[in-house]
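Please walk through this chain step by step, with the structure open beside the text.

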Amino acid sequence: MEFRLLGGVAVGAGGGELPLGPAKRRSVLAVLLLRCNTAVPMPQLLDAVWEDSPPAHARTIVQGHVSQLRMLLAEARAQDHAVRIATHGSAYVLETPELLLDVHRFEELVARGGQEPRPEAAAPLLREALGLWRGPALTGTVPSAVLGAAAQALEEARLSTVERLAELQGRLGDFAQAVALLKTEAAAHPLRESLTTALMVTLYQAGHQSDALDWYHRTRGLLDDELGVSPGPAMRATYEGILRGDLLGERTSAAMPRGLSVESSGAQPSNSAAPGMRPARIAAGAVRDHGASDGAAGSPGDGGRPTAAPRASVAVAPGSSPGPSHAYSGIPGAAGAPPEPDLHAPVAPSGDGGPRQVPPSPPSPAPGSAEQPSGTSTALPVPRLLPRAARGFHGRRRELAALDSAAQGGAVALLTGAAGVGKTALALHWAHQRQRRFPDGVLFADLRGFGDDPVEPDELVREFLLAFGVKPRDLPETAMGAAALYRELTSRRALLVILDNAHSADQVRPLLPDGDHATTVVTSRLRLTGLIVGELARPVPLDVLGRDDSVDLLASAVGGERVAAEPEAAARLGALCDGLPLALRITAAQIATRPGWKLSDLAAELADEQRRLSLLSLTDSEDAGVAAALRLTVQGLPAESARLFALLGTLPGPDLDRAAAAALADRDPVAAGAALDRLTGAHLLTEHAPGRYSLHDLVRLYARGLPSDSAALPRLLDSYVTTALAAASASAPDDKPCCTLPDGAYTVGSVRKFTDRQDSLRWYATERENLAAAVLAARAAGHDDRAWRLVVLQWPYITWNVRDGWTPLLEEALAAAVALDDPDAETRVRALLGWVLLEEDRLAEAMPHLELAPGLAARAGDASSEATALVNLALALERKGDLDQAVARMSRATELAHAGGDLLTELLALELKARLHLATGAMADAVGCTAYALTVLADRPGLPAMRHVMLRLTRAQALGALGEHEEASACAARALADAQRLGYKEGVARARELEQRMRLGAGA
């Protein structure tokens, strides 16, 4: 037996894992294990299991979880391992040998490694300790403060062990392993200075000074952007030592308290930002996100953000006399970044007090060169620097071709898609491949349209002018003058302008270049129809990745071997990430930082919907990852659209139409439709069929976490019930409704009108999954009075598709009816369930329901319902061969239906009764029964007419048996003609079969 906390909370036993169940039960176990062999009082368990104030019955819930854990441990023979959960007053204690707990073994191995003086002996112990980790500690538990703090402490211990192991590997001369280990962790924890400093030292020792400097600049930029601080003394001393070439001299080593590892300046990652500081949002390898990325900054490839120049995010050419805001950011790979540092280059003081190399200015293209077409101006510098292209870019051939087509002849290409879908990555990848088309330069700006501080177009126009080499003193004083100069400078240039992350057409228009030679690529989460109408922008929609491209993206980040070893798990990860490149990149980062973690392990964790969004975050901060990207999109919505989006978290089924949206929002369909269109334009919804909208799973999970209206679900359920009543009425206009609206039901403003039976059946087919999900949601929310109605009101569709797996849903309805102690509901459900089971040839299972149904109906005082129940029971008795009892029940059903004025049920009972008379040989009774039955609902279309077809066939058989052949033939011919007129295929087939038999009989 083994208890595991270093990853998903689990108990290993007998070669597998015990089924621990929900997150709260795992949380109880985790707390008991973290304090094993120590009594844990009930209040501490309550604090760990509930994020907020526990409910009134919280103690009972915890006691139930403890009981379940005891049962699981007993079944696994935990007593054989000296394991048990004991009760000490109001506290619990999990008694276990500590060696069974992976946390204890980890700590023991780390301690032994720390005591071992020889690196070659200590390193294997630390490697073994880290090998115990299978993912983030305490995965699968409730994200409470208690468990969050415990998980953070364990993660800190793991990172310290990583740093110590890397130091030992460096002392052993194994720099490649040390660098690989530290790079992985530094990418996952970009603000942990001790990791970056250790990596810088190791890279320097390995002879990669320029890489070491890159990591310094990268981290310095992140600390400044995200926390507003400069690197600590140890990191600065390491940087200065690398520049001087004496890193391992006395001055540098004196700043390092532990060999080659260093202390942090205090900017350590945590679950919450320090007061006055915003949490980290950026992974290694990128610059600040500006709060408005498609994906997380630093996520290369489809979900990544560009590396951009500071503040206004304008990429400018070195040597173009930029103003102060164009200062070199110091971040490797950023737009405007210089070549790798030359240790002999002149050094100037930097803004943080440390040395800064002066970047050399690359030469401009020579006039008349291949890069400078004739007729273009040579008086101004050519801004030709793009942010670095996304790494690991995969797929998108169709979209690249569409972008080629759209971005021709001075056009504006509009690249649109959901947050995190990879718009920026695609634009940059395309631009890098097509740079030769634009010899007069490339401008790039992140408009930060969905952040808290979107860039003003006037500000960017001035930045662009500086990029063209206009000196600050020569800039026009007015915005109008600056815009005019910008248009003049771009009017004859073969230029590419990339405007990333735009929120509106008004934000884009002032930045569009003039003339027919310049091309503009705009990316946005919105459709920007104003840009399409006013500027003839050509839209290029970008959707999520398909299955194969998703797997390829994972493989590029974690290695093809790991994906090839678990192809099904890789495909599952792609599906759980919705094919969203941002989510896939974050998933790949988690796998890459856990070499001992299988793809299937992460897939199992992501399958937990309550934790999926938190797992798809770049750091422990809530300001990074999929949720952050979605939050920025929602913040930019109008109030009504944002409100509807939050209410969509209540939606139980896979999609909805305007009527359902209107009920959720308590608005009329026109207003709801407008909000749906807004959400579709923001790529939060997909209109997968005309008038039908769906959400990707990650978007749905985010919506579920937003504050909502508790009355939204009852409104939606009542809307479904109201529409289903109308559909049932259209299917059988002569039938009595099988139920009414529940008490206090929401009044639907505009009820759908169905033209005929086929129209209603199409609605049932379209809404089947939504209705089934609504039943389960109603049951879970305690709306049993809605749940059973939503099932029985589908009877017209059930009767036409009886062998289509209806039993589980009907059993849910039965449970709801029983819980209500409502005999009317119970009889209707049992009658329908029994009939379905009968049609599925499950007679033994059907009989108990069919036998109970008539008595329940009688108790409810509904003669029509009792008649229906008796009809179904008679059918079952016929199937059993008890024809006399079947006739008796059918006769009683006929009387009750007639007395209750339910003519359609009376007609059905008469048709079946005549058929029973035929089976028993009572031909005269059959003729008499059909003679009366054919007067009931005569000349009525639809279902009554179909019943009359079957009655005439039964009558023809009885007349034939009595020797009345001429009348029998006429009756059969009338039945065939009516069936053909009605399009009643079964009636046509039976009529022709009967006519053939009658001809054969006459010939004999």
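In this predicted model, an open sheet of 3 strands has the order 1-2-3, with antiparallel pairing. Strand 1 (2-4) and strand 3 (16-17) stand at the edges. Each has a single partner strand, so one side of each is left without a neighbour in the sheet. Strands of a sheet pair through backbone hydrogen bonds, either parallel or antiparallel. Here, 3 bridges join strand 1 to strand 2 (residues 10-13), and these two strands run antiparallel. Across this pairing, Arg4 stands opposite Ala10 in strand 2.

Now move along to a hairpin. Strand 5 and strand 6 form it, with 2 residues between them. Strand 5 covers residues 84-88 and strand 6 covers residues 91-95. The two run antiparallel, and 5 bridges join them. Ala86 stands opposite Val93 in strand 6.

Asp821 has a phi near 55°, a positive value in a residue other than glycine. Asp821 sits in the loop between helix 33 (807-820) and helix 34 (823-839). Leu937 also has a positive phi, near 55°, and is likewise a residue other than glycine. Its loop runs between helix 39 (923-933) and helix 40 (943-961). Is each of these two buried or exposed? Asp821 has a relative accessible area of 54%, over the 50% cut-off, so Asp821 counts as exposed. Leu937 has a relative accessible area of 11%, under the 20% cut-off, so Leu937 counts as buried.

Next, look at a charged residue inside the protein. Arg789 belongs to helix 31 (residues 784-792). Arg789 is buried yet has no salt bridge. Leaving out residues up to four places away in sequence, Arg789 touches Val721, Cys739, Thr740, Leu741 and Pro742.

The largest nonpolar core has 210 residues. Which residues have the most contacts inside it? They are Trp430, Leu499, Val522, Leu531, Val626, Phe645 and Leu684. Helix 29 (residues 712-731) gives the largest share of this core, 11 residues.

Not counting residues up to four places away in sequence, Leu684 touches Leu630, Thr633, Val634, Leu637, Phe645, Leu679, Leu695 and Val699. Phe645, one of these contacts, is also listed with Leu684 among the residues with the most contacts inside the core.

Finally, step back to the whole chain. There are 42 helices and 16 strands. Of the 1004 residues, 55% are buried. Take the contacts with a separation of 6 or more: residues 24 or more positions apart account for 68% of them.

Notes
Residues are numbered from 1 along each chain as its sequence is written. This is a predicted model: local features need pLDDT of at least 70, side-chain atom pairs count only at pLDDT 80 or more; totals for chains, interfaces and linings use all residues. Side-chain values use heavy atoms; hydrogens and water are left out. Two strands pair if DSSP finds at least two bridges between them. Helices (H or I, at least four residues) and strands (E, at least two) are DSSP runs, numbered from the N terminus. Buried means under 20% relative accessible area, exposed over 50%, partly exposed in between (1.4 Å probe, protein chains only). Lys and Arg count as positive and Asp and Glu as negative; His and the chain ends are not counted. A salt bridge is a side-chain nitrogen of Lys or Arg within 4 Å of a carboxyl oxygen of Asp or Glu. Contact means heavy atoms within 4.5 Å. A nonpolar core is a set of buried Ala, Val, Leu, Ile, Met, Phe, Trp, Tyr and Cys residues joined through side-chain atoms within 4.5 Å.
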